[in-house]
Amino acid sequence: MARTEKSVQNQKWGDNVNIAYFLLPKYCVTYLYDDQSFRQGLEKMRYHGYTAIPVINRQGQYVGTISEGDFLWQLFPDGKHSCPKNQKDLEKRCIRDLLREDHYPPVRITVSMEELVNSAMNQNFTPVVDDLGNFVGIITRRDVIRHLAENCEEKESEADYLKIV
């Protein structure tokens, strides 16, 4: 690769990365509404095979993420191996009743790569919101790791090139 092409690529993949490049937009993401029932949420999670799903309100704002563990804790609320709650009780529960505070905190679309990496270390995906708190999509841990690996390989290649020159 020519040196000028390399410098252009470093601008694209360097420290000042626009995270919108990694964004899986809202229309491609499975999400729940906070007013959906326990049953609806569990069915959607099971159907898609996910362990966690973003939750938004009807105005499109991100309100949290629900995980399979959140559902399980509702089935056995006392933490023991007692009988689970009955189906009618669970049908009355809304997804918003199951959400935990600060579980899968979102990042703004303007977040730095360093902050995105820190977020990705703690969760499988990072919800992304705009300045008004509207859910715009997610960034997966896999995409962050892929970027870091490619960036590392590029820096090693450039270092090897400079040794030769």
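Before we start, one definition: an axis here is a line fitted to C-alpha atoms, for a helix over the stretch in contact, and angles between N-to-C directions run from 0 to 180 degrees. Keep in mind that you are looking at a predicted model.

Stop 1: Select residues 32–33, which are β2, then 52–56, which are β3, and 62–67, which are β4. Together these three strands make an open sheet with mixed pairing, in the order β2-β3-β4. Because β2 and β4 stand at the edges with a single partner strand each, one side of each has no neighbour in the sheet.

**Stop 2: a strand pair.** Zoom in on β2 and β3, which run parallel and are joined by two bridges. Which residue is the bridge partner of Tyr33 in β3? Click on Ile56 to find that partner.

**Stop 3: the helix on the sheet.** Now select residues 38–48, helix α2. This helix packs on the sheet and touches β2, β3 and β4. Compare directions, too: that of α2 makes about 135° with that of β3.

Stop 4: The crossing is left-handed.

**Stop 5: the contact.** Show side chains for Phe38, Gly41, Leu42 and Met45 on α2, then for Glu68, Phe71, Gln74 and Leu75 on α3; these residues make the contact.

Terms used
Residues are numbered from 1 along each chain as its sequence is written. This is a predicted model: local features need pLDDT of at least 70, side-chain atom pairs count only at pLDDT 80 or more; totals for chains, interfaces and linings use all residues. Side-chain values use heavy atoms; hydrogens and water are left out. Two strands pair if DSSP finds at least two bridges between them. Helices (H or I, at least four residues) and strands (E, at least two) are DSSP runs, numbered from the N terminus. Contact means heavy atoms within 4.5 Å. A crossing is left-handed if the near helix is turned anticlockwise from the far one by less than a right angle, and right-handed if clockwise.
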